[in-house]
Amino acid sequence: MNIRKGSVAAATLITGTLLASSAPAAVGTPHLKADVASTPALSVTMSSKPTVFKVTGPRTLPAGQVDLTLVAGTGEQEFAVMRLHNGYTMAELRKDFATFGKSERNPTPAGLAALRHVVHNTTFYGGIDSGVGHKTVSASVTLPKAGTYYVIDDNNLPGGGAAPVKLNVTAPVATQPAPTVAVVQTATTAKRFTGPVNLPASGTIEFHNASTSSPHFMFLQHVKTGTTRKQVINAFKSNGGGPELPGAVGTDVVFMGLSMTLTYTLPAGDYAELCFFPDLKTGMPHAFMGMVRIVHLS
């Protein structure tokens, strides 16, 4: 969710350079009667210059896993898959995010109320953030039941960019092959990351939001070897830092109790796991509140 990008823009001003800046769809057939169905796939092509948001793949698909690919052009690109709850509209979503966005760096009571209104009336299942310079990233999300879902341009807050693409999700029809993941990284209610600290530099991991109270996402940011969690947190409050390092990728927002997978290739080294989703009470990005962990990719 591109709440992070506004937060990162602000963070960049105070962190210096400690953190790095960073084919045709395989379509599952809704009426397939075999015991195992191929997994539907959506490919999203995005660019900032020129502005491009193109979703390729089925618009009607069965409930279950959906494979995602982001082909990113110029700049950092991000999209999400989400659902509106009954009675809540895309127009209201845009209005709420616009209200929050006006005071994002110094949230007002009205802005925080609008953010909570979004969280209480939507479900975000995940998505992909390309990071800077990452051209192709893959992932998978699970759409649990029949209904209307949306693929949304998340570069300028949800609903603030290109028109969303509607998906008609039908009842599940067959078992799908489960993705193979190397490790699971978990976000907790305490605004922390848990799980193995050694991750593949190239492979598939699972991100699970075990929080009972807040959406989270996971952004992997390349940092100098030996960088500590405390240094990253302190960097948000100072102008200190070191040379920039290439390498970053992330999920989009995953709501409470949900999981997604992320497949990437990054340079080996130390990375900071970060979540910049704003606290629902104060508006402070979670990373500023300590949701930072150092992991190693090899």
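Strand β14 (residues 219-222) and strand β17 (residues 269-274) run antiparallel, and four bridges hold the pair together. Within that pairing, Q221 sits across from A272 in β17. Keep in mind as you look around that this is a predicted model.

**The ten-stranded sheet**

- β14 and β17 belong to an open sheet of ten strands, which go in the order β3-β9-β8-β5-β6-β15-β14-β17-β18-β12.
- The pairing in this ten-stranded sheet is mixed.
- At its edges you'll find β3 (60-62) and β12 (198-199), and each of them pairs on one side only.
- Helix α3 packs on this sheet, where α3 touches β5 (78-84) and β6 (122-129).
- The direction of α3 makes about 95° with that of β6.

**A closer look at β1**

- Strand β1 (residues 41-47) runs parallel to strand β4 (residues 64-72), and six bridges join the two.
- Two of the facing pairs can be picked out by eye: A41 stands opposite D67 in β4, and V44 stands opposite L70 in β4.
- With β2, strand β1 pairs in the antiparallel sense, over five bridges.
- In that pairing, M46 faces F53 in β2.
- β1 and β2 make a hairpin, with four residues between them.
- The loop between β1 and β2 is also where P50 has its place, and the peptide bond from K49 to P50 is cis, with omega near 0°.
- Six of the seven residues of β1 are buried, so β1 is largely enclosed by the rest of the structure.

- Helix α2 (residues 90-102) has 13 residues, which at 1.5 Å a residue should span 18 Å; its end C-alpha atoms are 18 Å apart, so the two agree.
- The buried residues of α2 are M90, L93, D96, F97 and F100.
- As background, an α-helix has 3.6 residues a turn, so residues three or four places apart point the same way.
- Over on the other side of α2, the exposed residues are A91, K95 and K102.

**How α2 meets α3**

- α2 packs against helix α3 (residues 109-121) at an angle of about 145°, and the two axes are 7 Å apart.
- The crossing of α2 past α3 is left-handed.
- On the α2 side, the residues that make contact are L93, D96, F97, T99 and F100.
- On the α3 side, their partners are A110, G111, A114, L115, H117 and V118.
- L93, D96, F97 and F100 are among the buried residues of α2, and they also meet α3.

- R116 is found in helix α3, and R116 is partly exposed, with a relative accessible area of 30%.
- R116 and L280 are 164 residues apart in sequence, yet 6.3 Å apart in space, C-alpha to C-alpha.
- Setting aside residues up to four places away in sequence, R116 touches L280 and K281.
- S202 lies in strand β13 (residues 202-209) and counts as partly exposed, at 49% relative accessibility.
- Between S202 and T265 there are 63 residues of separation in sequence, but 4.2 Å in space, C-alpha to C-alpha.
- Leaving out neighbours within four places in sequence, S202 is in contact with Y264 and T265.

- K191 has a positive phi of about 60°, although K191 is not a glycine.
- You'll find K191 in the loop between β10 (184-187) and β11.
- K191 is buried, since its relative accessible area is 17% and the cut-off for buried is under 20%.

Methods: Residues are numbered from 1 along each chain as its sequence is written. This is a predicted model: local features need pLDDT of at least 70, side-chain atom pairs count only at pLDDT 80 or more; totals for chains, interfaces and linings use all residues. Side-chain values use heavy atoms; hydrogens and water are left out. Two strands pair if DSSP finds at least two bridges between them. The expected span of a helix is 1.5 Å times one less than its number of residues. Buried means under 20% relative accessible area, exposed over 50%, partly exposed in between (1.4 Å probe, protein chains only). Axes are lines fitted to C-alpha atoms, for helices over the stretch in contact, and angles run from 0 to 180 degrees between N-to-C directions. A crossing is left-handed if the near helix is turned anticlockwise from the far one by less than a right angle, and right-handed if clockwise. Contact means heavy atoms within 4.5 Å.
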